[in-house]
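Subject: Structure handover, backbone notes

Hi,

Here is the structure for you to look over. My notes on its backbone follow below.

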Amino acid sequence: MEYKTTIRVRSVERAKGDTPVADHASPRIDTSVAHPARRYDYLLGGKDNFEADRESARQIERVVPTARLTALENRAFLHRAVRFMAGNGIRQFLDIGTGIPTSPNTHEIAQRIAPAARIVYVDNDPLVLVHARALLTSTPQGKTSYIEGDLRQPGQILNDRELAATLDLSQPVGLLLVAVLHFIRDDDNPRATIDALIDALPADSIVVASHGTFEHMPAEQAAALTKVMEAQFRQRSGTEFRTLFDRPDLRLVEPGVQSVAQWWADEASQPRPAIEDVACNGLVARVVRANTEV
(Lines give C-alpha, C1' and ligand atoms only; values in the text may rest on other atoms or scores of the structure.)
Protein backbone atom coordinates (compact mmCIF):
# COMPACT_ATOMS: atom_id res chain seq x y z
CA MET A 1 0.00 0.00 0.00
CA GLU A 2 1.37 3.43 -0.93
CA TYR A 3 1.67 5.76 2.00
CA LYS A 4 2.90 9.33 2.00
CA THR A 5 3.70 11.45 4.98
CA THR A 6 5.07 14.90 5.63
CA ILE A 7 7.25 15.58 8.64
CA ARG A 8 7.63 19.11 9.93
CA VAL A 9 10.13 19.84 12.69
CA ARG A 10 9.85 23.34 14.12
CA SER A 11 12.99 25.25 15.01
CA VAL A 12 12.49 25.77 18.71
CA GLU A 13 14.67 26.50 21.73
CA ARG A 14 13.60 23.25 23.32
CA ALA A 15 11.60 20.61 21.46
CA LYS A 16 9.42 17.93 23.00
CA GLY A 17 11.57 15.65 25.12
CA ASP A 18 14.55 17.99 25.39
CA THR A 19 16.19 18.00 28.80
CA PRO A 20 17.95 21.19 29.93
CA VAL A 21 21.72 20.91 30.23
CA ALA A 22 24.01 23.38 31.91
CA ASP A 23 26.30 24.18 29.00
CA HIS A 24 25.73 23.45 25.31
CA ALA A 25 29.25 24.51 24.33
CA SER A 26 31.68 21.77 23.39
CA PRO A 27 33.75 20.84 26.44
CA ARG A 28 37.49 20.44 26.20
CA ILE A 29 38.80 16.90 26.03
CA ASP A 30 39.59 15.97 29.63
CA THR A 31 41.91 12.97 29.51
CA SER A 32 41.84 12.58 33.31
CA VAL A 33 38.15 11.61 33.42
CA ALA A 34 36.84 8.37 31.93
CA HIS A 35 34.34 8.75 29.11
CA PRO A 36 31.91 5.99 28.03
CA ALA A 37 32.83 6.29 24.32
CA ARG A 38 36.55 5.98 24.98
CA ARG A 39 36.05 3.17 27.51
CA TYR A 40 33.94 1.31 24.96
CA ASP A 41 36.70 1.83 22.41
CA TYR A 42 39.16 0.18 24.81
CA LEU A 43 36.86 -2.79 25.43
CA LEU A 44 36.51 -3.25 21.67
CA GLY A 45 40.29 -3.37 21.33
CA GLY A 46 40.72 0.19 20.06
CA LYS A 47 43.57 2.59 20.78
CA ASP A 48 41.72 5.90 20.95
CA ASN A 49 41.48 6.04 24.72
CA PHE A 50 43.37 7.30 27.74
CA GLU A 51 44.53 5.78 31.01
CA ALA A 52 41.44 6.99 32.88
CA ASP A 53 39.26 5.18 30.34
CA ARG A 54 41.34 2.02 30.56
CA GLU A 55 41.33 2.02 34.36
CA SER A 56 37.56 2.50 34.40
CA ALA A 57 37.18 -0.48 32.04
CA ARG A 58 39.54 -2.60 34.15
CA GLN A 59 37.48 -1.84 37.26
CA ILE A 60 34.40 -3.11 35.45
CA GLU A 61 36.23 -6.19 34.21
CA ARG A 62 37.35 -7.04 37.74
CA VAL A 63 33.68 -7.29 38.70
CA VAL A 64 32.40 -8.70 35.39
CA PRO A 65 35.17 -10.59 33.55
CA THR A 66 32.93 -10.86 30.46
CA ALA A 67 32.57 -7.07 30.03
CA ARG A 68 34.72 -7.14 26.90
CA LEU A 69 32.59 -9.94 25.50
CA THR A 70 29.48 -7.83 26.10
CA ALA A 71 30.99 -4.93 24.17
CA LEU A 72 31.93 -7.16 21.25
CA GLU A 73 28.52 -8.85 21.16
CA ASN A 74 26.78 -5.47 21.25
CA ARG A 75 28.86 -4.34 18.29
CA ALA A 76 28.05 -7.50 16.39
CA PHE A 77 24.35 -6.92 17.10
CA LEU A 78 24.67 -3.47 15.54
CA HIS A 79 26.24 -5.01 12.44
CA ARG A 80 23.42 -7.54 12.03
CA ALA A 81 20.75 -4.91 12.66
CA VAL A 82 22.19 -2.49 10.08
CA ARG A 83 22.34 -5.28 7.51
CA PHE A 84 18.70 -6.06 8.32
CA MET A 85 17.68 -2.43 7.84
CA ALA A 86 19.62 -1.97 4.60
CA GLY A 87 18.28 -5.28 3.31
CA ASN A 88 14.76 -4.03 4.01
CA GLY A 89 15.10 -0.86 1.99
CA ILE A 90 16.40 1.64 4.54
CA ARG A 91 18.71 4.12 2.81
CA GLN A 92 19.00 6.74 5.54
CA PHE A 93 20.46 6.21 9.01
CA LEU A 94 20.57 8.34 12.15
CA ASP A 95 23.11 6.81 14.56
CA ILE A 96 22.96 8.55 17.95
CA GLY A 97 25.69 7.80 20.47
CA THR A 98 27.92 6.37 17.78
CA GLY A 99 31.13 6.45 19.82
CA ILE A 100 34.64 6.48 18.41
CA PRO A 101 34.64 5.02 14.87
CA THR A 102 35.40 1.29 14.93
CA SER A 103 35.39 -0.35 11.51
CA PRO A 104 33.09 -1.56 10.16
CA ASN A 105 30.90 1.39 11.05
CA THR A 106 27.22 1.88 10.28
CA HIS A 107 27.88 3.61 6.96
CA GLU A 108 30.36 0.95 5.82
CA ILE A 109 27.87 -1.86 6.43
CA ALA A 110 24.92 0.02 4.92
CA GLN A 111 26.83 1.21 1.85
CA ARG A 112 28.08 -2.28 1.05
CA ILE A 113 24.44 -3.12 0.44
CA ALA A 114 23.29 0.28 -0.83
CA PRO A 115 26.18 2.51 -1.95
CA ALA A 116 23.91 5.58 -2.00
CA ALA A 117 22.97 5.24 1.68
CA ARG A 118 23.21 8.42 3.75
CA ILE A 119 24.22 8.43 7.41
CA VAL A 120 24.26 11.03 10.18
CA TYR A 121 26.34 10.19 13.24
CA VAL A 122 25.67 11.92 16.58
CA ASP A 123 27.80 11.95 19.72
CA ASN A 124 28.52 14.38 22.56
CA ASP A 125 32.26 13.66 22.95
CA PRO A 126 34.50 16.17 21.13
CA LEU A 127 37.15 13.46 20.68
CA VAL A 128 34.60 11.43 18.73
CA LEU A 129 34.04 14.45 16.50
CA VAL A 130 37.77 14.65 15.72
CA HIS A 131 37.93 10.98 14.71
CA ALA A 132 34.60 11.06 12.87
CA ARG A 133 35.72 13.89 10.62
CA ALA A 134 38.92 12.03 9.80
CA LEU A 135 37.58 8.49 9.39
CA LEU A 136 33.92 8.52 8.37
CA THR A 137 34.41 8.61 4.63
CA SER A 138 31.37 7.89 2.48
CA THR A 139 31.10 6.22 -0.88
CA PRO A 140 30.89 8.73 -3.77
CA GLN A 141 27.20 7.89 -4.21
CA GLY A 142 26.26 8.31 -0.56
CA LYS A 143 27.00 10.73 2.26
CA THR A 144 28.07 10.70 5.91
CA SER A 145 27.73 13.63 8.29
CA TYR A 146 28.45 14.21 11.96
CA ILE A 147 26.55 16.22 14.58
CA GLU A 148 27.96 16.99 17.99
CA GLY A 149 24.81 16.58 20.04
CA ASP A 150 23.34 15.12 23.20
CA LEU A 151 20.65 12.45 23.14
CA ARG A 152 18.89 14.36 25.92
CA GLN A 153 18.35 17.16 23.39
CA PRO A 154 16.46 15.41 20.55
CA GLY A 155 14.99 18.66 19.29
CA GLN A 156 18.42 20.13 18.69
CA ILE A 157 19.48 17.00 16.83
CA LEU A 158 16.37 16.99 14.64
CA ASN A 159 16.68 20.71 13.90
CA ASP A 160 20.37 20.59 13.05
CA ARG A 161 21.19 21.98 9.62
CA GLU A 162 23.60 19.14 8.90
CA LEU A 163 20.86 16.59 9.47
CA ALA A 164 18.51 18.48 7.13
CA ALA A 165 21.26 18.57 4.49
CA THR A 166 21.83 14.82 4.72
CA LEU A 167 18.54 13.11 5.56
CA ASP A 168 15.03 13.51 4.18
CA LEU A 169 12.71 12.95 7.13
CA SER A 170 9.76 12.41 4.80
CA GLN A 171 11.39 9.11 3.77
CA PRO A 172 12.09 6.05 5.96
CA VAL A 173 15.00 6.37 8.37
CA GLY A 174 16.92 3.79 10.37
CA LEU A 175 17.28 5.15 13.91
CA LEU A 176 20.06 3.59 15.99
CA LEU A 177 20.20 3.99 19.77
CA VAL A 178 22.85 1.38 20.48
CA ALA A 179 24.37 1.18 23.99
CA VAL A 180 23.41 4.77 24.79
CA LEU A 181 20.04 4.76 26.58
CA HIS A 182 21.54 3.34 29.79
CA PHE A 183 23.31 6.70 30.19
CA ILE A 184 19.95 8.48 30.36
CA ARG A 185 18.72 8.54 33.94
CA ASP A 186 15.06 8.22 34.84
CA ASP A 187 14.89 11.87 35.88
CA ASP A 188 16.11 12.82 32.38
CA ASN A 189 12.94 11.19 31.04
CA PRO A 190 14.29 8.74 28.44
CA ARG A 191 10.78 7.93 27.24
CA ALA A 192 10.20 11.56 26.23
CA THR A 193 13.51 11.54 24.34
CA ILE A 194 12.59 8.35 22.48
CA ASP A 195 9.09 9.65 21.71
CA ALA A 196 10.44 12.90 20.27
CA LEU A 197 12.75 11.01 17.92
CA ILE A 198 10.18 8.44 16.80
CA ASP A 199 7.51 11.10 16.33
CA ALA A 200 9.78 12.66 13.69
CA LEU A 201 10.09 9.41 11.70
CA PRO A 202 7.75 8.45 8.87
CA ALA A 203 6.11 5.08 8.38
CA ASP A 204 8.38 2.18 7.40
CA SER A 205 11.27 3.56 9.42
CA ILE A 206 13.11 1.06 11.62
CA VAL A 207 14.37 1.59 15.16
CA VAL A 208 17.31 -0.35 16.63
CA ALA A 209 18.31 -0.10 20.29
CA SER A 210 20.40 -1.94 22.85
CA HIS A 211 20.59 -1.44 26.59
CA GLY A 212 22.77 -2.64 29.45
CA THR A 213 21.15 -4.95 31.98
CA PHE A 214 22.21 -6.65 35.20
CA GLU A 215 19.17 -8.93 35.30
CA HIS A 216 21.07 -12.14 34.57
CA MET A 217 23.82 -11.50 37.14
CA PRO A 218 23.94 -12.79 40.70
CA ALA A 219 22.70 -10.10 43.08
CA GLU A 220 26.12 -9.58 44.68
CA GLN A 221 27.80 -9.09 41.31
CA ALA A 222 25.12 -6.64 40.18
CA ALA A 223 25.52 -4.64 43.39
CA ALA A 224 29.30 -4.52 42.97
CA LEU A 225 29.01 -3.40 39.35
CA THR A 226 26.56 -0.66 40.31
CA LYS A 227 29.21 0.74 42.66
CA VAL A 228 31.92 0.99 40.02
CA MET A 229 29.73 2.41 37.25
CA GLU A 230 29.23 6.16 36.98
CA ALA A 231 26.23 7.66 38.73
CA GLN A 232 24.50 8.37 35.42
CA PHE A 233 24.48 4.70 34.36
CA ARG A 234 20.99 3.21 34.70
CA GLN A 235 20.76 -0.47 33.93
CA ARG A 236 17.28 -1.68 33.04
CA SER A 237 15.73 -5.09 32.83
CA GLY A 238 14.40 -6.39 29.54
CA THR A 239 10.89 -5.47 30.67
CA GLU A 240 11.91 -1.92 31.57
CA PHE A 241 13.74 -1.60 28.25
CA ARG A 242 10.69 -2.80 26.34
CA THR A 243 8.46 -0.30 28.17
CA LEU A 244 10.52 2.59 26.79
CA PHE A 245 9.33 1.58 23.30
CA ASP A 246 5.76 0.69 24.19
CA ARG A 247 3.97 2.67 21.48
CA PRO A 248 1.02 1.70 19.28
CA ASP A 249 2.96 2.72 16.16
CA LEU A 250 5.91 0.40 16.83
CA ARG A 251 5.96 -3.31 15.95
CA LEU A 252 8.83 -5.33 17.37
CA VAL A 253 10.68 -7.54 14.93
CA GLU A 254 10.94 -11.13 16.19
CA PRO A 255 12.32 -12.28 18.56
CA GLY A 256 11.51 -8.98 20.31
CA VAL A 257 13.60 -7.92 23.29
CA GLN A 258 16.44 -10.40 23.49
CA SER A 259 20.05 -10.61 24.61
CA VAL A 260 22.22 -9.06 21.90
CA ALA A 261 24.06 -12.37 21.82
CA GLN A 262 20.85 -14.19 20.91
CA TRP A 263 19.14 -11.67 18.61
CA TRP A 264 19.19 -13.47 15.25
CA ALA A 265 21.85 -15.77 16.62
CA ASP A 266 21.80 -17.97 13.52
CA GLU A 267 23.49 -15.14 11.60
CA ALA A 268 26.25 -14.76 14.19
CA SER A 269 29.45 -16.70 14.75
CA GLN A 270 29.00 -19.98 16.58
CA PRO A 271 28.89 -21.12 19.31
CA ARG A 272 26.90 -18.36 20.98
CA PRO A 273 27.87 -17.16 24.47
CA ALA A 274 25.56 -17.73 27.43
CA ILE A 275 23.00 -15.00 28.12
CA GLU A 276 24.39 -14.50 31.64
CA ASP A 277 27.79 -13.61 30.13
CA VAL A 278 26.41 -10.78 27.97
CA ALA A 279 24.90 -7.95 30.02
CA CYS A 280 22.98 -6.26 27.21
CA ASN A 281 19.58 -6.60 25.54
CA GLY A 282 18.60 -5.49 22.05
CA LEU A 283 15.47 -4.83 20.03
CA VAL A 284 14.47 -3.90 16.49
CA ALA A 285 11.09 -2.33 15.70
CA ARG A 286 9.23 -1.04 12.64
CA VAL A 287 7.39 2.27 12.63
CA VAL A 288 3.78 1.75 11.54
CA ARG A 289 1.39 4.62 10.94
CA ALA A 290 -2.33 4.70 10.18
CA ASN A 291 -3.30 3.25 6.80
CA THR A 292 0.02 1.43 6.54
CA GLU A 293 0.19 -2.30 6.09
CA VAL A 294 1.90 -4.19 8.89
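Helices (H or I, at least four residues) and strands (E, at least two) are DSSP runs, numbered from the N terminus. This is a predicted model, in which local features need pLDDT of at least 70, side-chain atom pairs count only at pLDDT 80 or more, and totals for chains, interfaces and linings use all residues. Residues are numbered from 1 along each chain as its sequence is written, and side-chain values use heavy atoms, with hydrogens and water left out.

Cis peptide bonds

Most residues other than glycine have a negative phi, and most peptide bonds are trans. Glutamate 254 to proline 255 is a cis bond, with omega near 15 degrees. Proline 255 sits in the loop between strand S6 (250–252) and strand S7 (258–259). Glutamine 270 and proline 271 are also joined by a cis peptide bond. Omega there is about -5 degrees. Proline 271 lies in the loop between S7 and strand S8 (280–287).

Positive phi

Asparagine 189 is not a glycine, yet has a positive phi, near 60 degrees. Its place is the loop between strand S4 (174–178) and helix H8 (190–199). Asparagine 189 is partly exposed, at 40% relative accessible area. Buried means under 20%, exposed over 50%, and partly exposed in between (1.4 Å probe, protein chains only).

Tryptophan 264 has a positive phi near 50 degrees, again in a residue other than glycine. The loop between S7 and S8 holds tryptophan 264. Tryptophan 264 is partly exposed, with a relative accessible area of 24%.

Best regards
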